[in-house]
Amino acid sequence: MRALVCQQFDQPEALTVLEQPDPTPGPGEVVMAVEAAGVNYPDALMVMGQYQVRPPLPFVAGAEAAGTVAAVGEGVTHLRPGQSVVAFTGTGAFASHLVAPAAHVIPLPPGFPADVAATLPLAYGTALHALIQRGQLHEGETLLVLGAAGGVGLAAVMIGKALGARVIAAASTPEKCAAASEHGADEVINYAEEDLRERLRALIGKGGVDVVFDPVGDRYAEPAFRSLGWNGRYLVIGFAGGEIPRLPLNLPLLKGSSLVGVFWGEFARREPKANAENMARLLGWIAEGQVRPLVSARYSLERGPEALRALLNRQVTGKVVITP
């Protein structure tokens with residue numbers, strides 16, 4: 001098998017494509033022939049040694065992949081060779097073959113595109129968990145999505161609309177704002193050119209937004225939080241903007257609002273049934289055309305470092321995949 005290997009914690013350009021022995025499944029495991037692997041911000045952080053999880057070196061980067069089952073291990077009865085599947089494994093996905101715990105492998109409907117499937121577990125799983133379990137977003141409420149054209153942000157825009165919310169999408173370029181609008185946002189804000197808080201006031205008045213979905217952090221966090229209405233929920237997804245913000249704690253007190261952490265990976269581990277229900281709901285929305293995942297670029301295994309660099313530079317719209 002061929003794999004994109006991290007031999008030391010460094011910039012993505014240090015990753016190397018290497019030949020490795022073909023894997024075999026152990027008890028409760030499957031081997032997947034990978035057709036596409038989703039590229040995510042945590043992948044880049046992990047390669048650089050900046051993620052909350054530091055795998056032992058060397059390791060194969062990549063957290064999610066779609067393809068077909070090549071072999072099943074002892075005790076695996078719900079999957080069979082040749083079946084189309086998607087999996088979340090944390091590492092190992094940027095390779096031609098992947099060993100995955102069978103419990104983390106989800107069968108796909110017949111004919112479901114592998115490149116689309118490979119974008120679903122982390123970004124869409126995070127957005128689903130954030131908006132359903134953590135944010136408890138209700139029909140008719142107003143949702144503000146920061147970083148609305150990135151992988152997880154665009155997922156939140158579409159899922160927010162599927163849940164019946166009014167969605168305000170904030171992004172940093174006219175092209176990214178256009179992508180959010182094309183995928184269902186009711187209003188868009190270019191926060192590189194407009195004052196975020198003033199524009200929100202013009203859109204929603206004094207009532208404030210009900211839920212903020214924030215994968216960006218940095219300087220946009222405080223004005224977004226100040227735009228929450230009474231009993232609002234601020235969802236902490238990540239810090240793609242760079243700095244981890246420091247919010248004055250009198251703000252949630254005065255607004256009766258909640259600062260809510262979102263950690264999808266731990267949720268999926270602790271509550272696999274609820275996670276599976278979320279994903280089944282997502283596949284239904286995709287089949288109905290309510291959610292239309294965007295795969296904006298495809299990279300070969302050798303160009304994997306370029307994909308990670310584009311993500312770090314915030315040059316990606318929707319999701320990109322590696323096709324080994």
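1. Which residues does Pro 58 touch, not counting residues up to four places away in sequence? They are Val 5, Cys 6 and Gln 7, where contact means heavy atoms within 4.5 Å. The model is predicted: local features need pLDDT of at least 70 and side-chain atom pairs count only at pLDDT 80 or more, while totals for chains, interfaces and linings use all residues. Residues are numbered from 1 along each chain as its sequence is written, and side-chain values use heavy atoms, with hydrogens and water left out.

2. Pro 58 sits in the loop between α1 (41-47) and β4. Helices (H or I, at least four residues) and strands (E, at least two) are DSSP runs, numbered from the N terminus. The peptide bond joining Leu 57 and Pro 58 is cis, with omega about -10°. Pro 58 is exposed, its relative accessible area being 58%; buried means under 20%, exposed over 50% and partly exposed in between, with a 1.4 Å probe and protein chains only. From C-alpha to C-alpha, Pro 58 and Ala 117 are 27 Å apart in space, and they are 59 residues apart in sequence.

3. An open sheet of three strands has the order β2-β1-β4, with antiparallel pairing. Two strands pair if DSSP finds at least two bridges between them. The edge strands are β2 (16-19) and β4 (59-60), and each pairs on one side only. Strand β1 (residues 2-6) is joined to β4 by two bridges in the antiparallel sense. Cys 6 has Phe 59 in β4 as its bridge partner; Cys 6 is also among the residues that Pro 58 touches.

4. A second open sheet has six strands in the order β11-β10-β9-β12-β13-β14, paired in parallel. β11 (187-190) and β14 (258-261) stand at the edges with a single partner strand each, so one side of each has no neighbour in the sheet. On average, neighbouring strands of this sheet are turned by 20° against each other, direction ignored. Axes are lines fitted to C-alpha atoms, for helices over the stretch in contact, and angles run from 0 to 180 degrees between N-to-C directions.

5. Phe 213 has Leu 235 in β13 as its bridge partner. Helix α5 (residues 174-182) lies across β10 (166-171) and β11, and runs at about 165° to β11.

6. Strand β16 (residues 319-322) has pairings in both senses. Two bridges join it to β3 (residues 29-38), which runs antiparallel to β16, and four join it to β15 (residues 295-299), which runs parallel. In β16, Val 321 is the bridge partner of Gly 38, and Ile 322 is that of Tyr 299. In a regular strand the side chains alternate between the two faces of the sheet. In β16, Lys 319 and Val 321 point one way and Val 320 and Ile 322 the other, and all are buried.

7. Helix α3 (residues 120-134) is mostly covered, with 12 of its 15 residues buried. The buried residues include Leu 120, Tyr 124, His 129 and Leu 131. Gln 136 follows α3 and has a positive phi, near 45°.

8. Two other residues deserve a check of their backbone. Most residues other than glycine have a negative phi, and most peptide bonds are trans. Asp 218, in the loop between β12 and α7 (221-226), has a positive phi near 55°. Arg 314 also has a positive phi near 55°; its place is in the loop between α11 (304-312) and β16. Arg 314 is partly exposed, with a relative accessible area of 30%.

9. The second largest pocket holds about 230 Å³ of space. On a 1 Å grid over the protein atoms alone, a pocket is an open set of points where a 1.4 Å probe fits, with protein on both sides within 12 Å along at least five of seven lines; lining residues have an atom within 4 Å of a point. The volume is the space filled by probe spheres set on the points, which are joined across faces, edges and corners.

10. The lining of the second largest pocket includes Met 1, Gln 20, Val 60, Thr 89 and His 97. Strand β7 (residues 97-101) gives the largest share of this lining, four residues. By class, the lining has seven nonpolar, five polar and no charged residues. Ala, Val, Leu, Ile, Met, Phe, Trp, Tyr, Cys and Pro count as nonpolar, Asp, Glu, Lys and Arg as charged, and the others, Gly among them, as polar.
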